[in-house]
Amino acid sequence: AKAAGVDKVLLIQKHGAVENTLPYAIDAREGDLTLTQITTSSIDHLYDKRHKKGFFLMVEGGKIDYACHANDAATTFAEVEDFDNAIRVAYEFYEQHPDETLIVVTADHETGGLALGRGPYELNLKTISHQRMSMVKLERELKAMKDTNGDKFTWEEAKKFLTENFGFWESVKVSNDQTARLERSWNEFKEGKSGADRLCNTVKHIISECALIGWQSGGHSNGYVPAFAIGAGAEQFHGRFDNTE
């Protein structure tokens, strides 16, 4: 497409997909548009149109921020991996044009105050490998189960669902106290005393507790963010420097 004298690439998601955003990588279905596809199409188009003059392309793994706002560790990790796949496309282009390509990877801020470790000198990151969906999808699924099953949506049914999609009580050891918190949140949700989001919050807090992952807040932090660079001019991106630079 061409508008206001600017070349544009129009990528359309399949019918039924969310219109204004990509799905979380952890929730993606076969055929969903990916950040890797967007990066590939953008590089191919820009190089074809502007390779004689050069081009600038910014690709944002923006849903890393969303997942960190939600303190959703497994979803965050999947988003970072998805972003890494997009970077790989840029790196392959760099390998073909090493003398004239610069890749810079950084962030505008940290979100959530994410820390790997919360007391004991150990981690249990295998915990999050059993998570099959984001908290956004979990909330949607819980509402649908309550609307569909009504009084038949028992705690046993909820436990079965959490076992299948988060590994609780089977692959992930959950304490009696954590089980009680989950059941209490589920009862409040079923009785209409709170929304599905309250139960989702309990689920994600317990996942982080079991994985020994810490979160400082649901907002942005002042933590340092890395800046990585390779290629022409990469030497200008090293050490610590203010984001305005």
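The chain carries 28 positive and 38 negative side chains, and the centres of the two sets are 5 Å apart. In this count Lys and Arg are positive and Asp and Glu negative, while His and the chain ends are left out; each charge is placed at NZ of Lys, CZ of Arg, CG of Asp or CD of Glu. The model is a predicted one, in which local features need pLDDT of at least 70 and side-chain atom pairs count only at pLDDT 80 or more, whereas totals for chains, interfaces and linings use all residues. Residues are numbered from 1 along each chain as its sequence is written, and side-chain values use heavy atoms, without hydrogens and water.

The secondary structure consists of seven helices and eight strands, taken as DSSP runs (H or I of at least four residues for helices, E of at least two for strands) and numbered from the N terminus. The C-alpha trace spans about 65 × 45 × 30 Å along its principal axes. Of the 245 residues, 36% are buried; buried stands for under 20% relative accessible area, exposed for over 50%, and partly exposed for values in between (1.4 Å probe, protein chains only). The accessible surface of the chain is about 15500 Å², and carbon and sulfur atoms contribute 49% of this area. Such areas come from the Shrake-Rupley method with a 1.4 Å probe, and for residues only the protein chains shown count as cover. Among contacts (heavy atoms within 4.5 Å) with a separation of 6 or more, 73% are between residues 24 or more positions apart.

Seven salt bridges were counted, each being a side-chain nitrogen of Lys or Arg within 4 Å of a carboxyl oxygen of Asp or Glu. One of them joins R29 to D32, with an N to O distance of 3.9 Å. D32 is buried, at a relative accessible area of 7%. In the salt bridge of R181 with D177, the closest N and O atoms are 3.7 Å apart. These two residues are four positions apart in helix α6 (residues 176-190), so about one helical turn separates R181 and D177. A further salt bridge links E191 and K193 (3.3 Å, N to O). Both partners are exposed, E191 with a relative accessible area of 52% and K193 with 65%. Shared partners also connect salt bridges into a network made up of D177, R181 and E209.

Surface patches were built from residues with over 30% relative accessible area and no salt bridge, joining like charges within 9 Å and nonpolar side chains (Val, Leu, Ile, Met, Phe, Trp, Tyr) within 5 Å. A patch of negative charge contains E156, E157, E164, E170 and E183. Helix α5 (residues 155-166) supplies the largest share of this negative patch, three residues. E164 is located in helix α5 and is exposed, with 52% relative accessibility. A nonpolar patch is formed by Y47, F55 and L57, which together have about 220 Å² of accessible area. Y47 belongs to helix α1 (residues 35-50) and is partly exposed, at 31% relative accessibility.

K143 lies in helix α4 (residues 135-149). Its relative accessibility is 40%, so K143 counts as partly exposed. When residues up to four places away in sequence are not counted, K143 touches F189 and A196. K143 and H220 are 77 residues apart along the chain, and their C-alpha atoms are separated by 29 Å.
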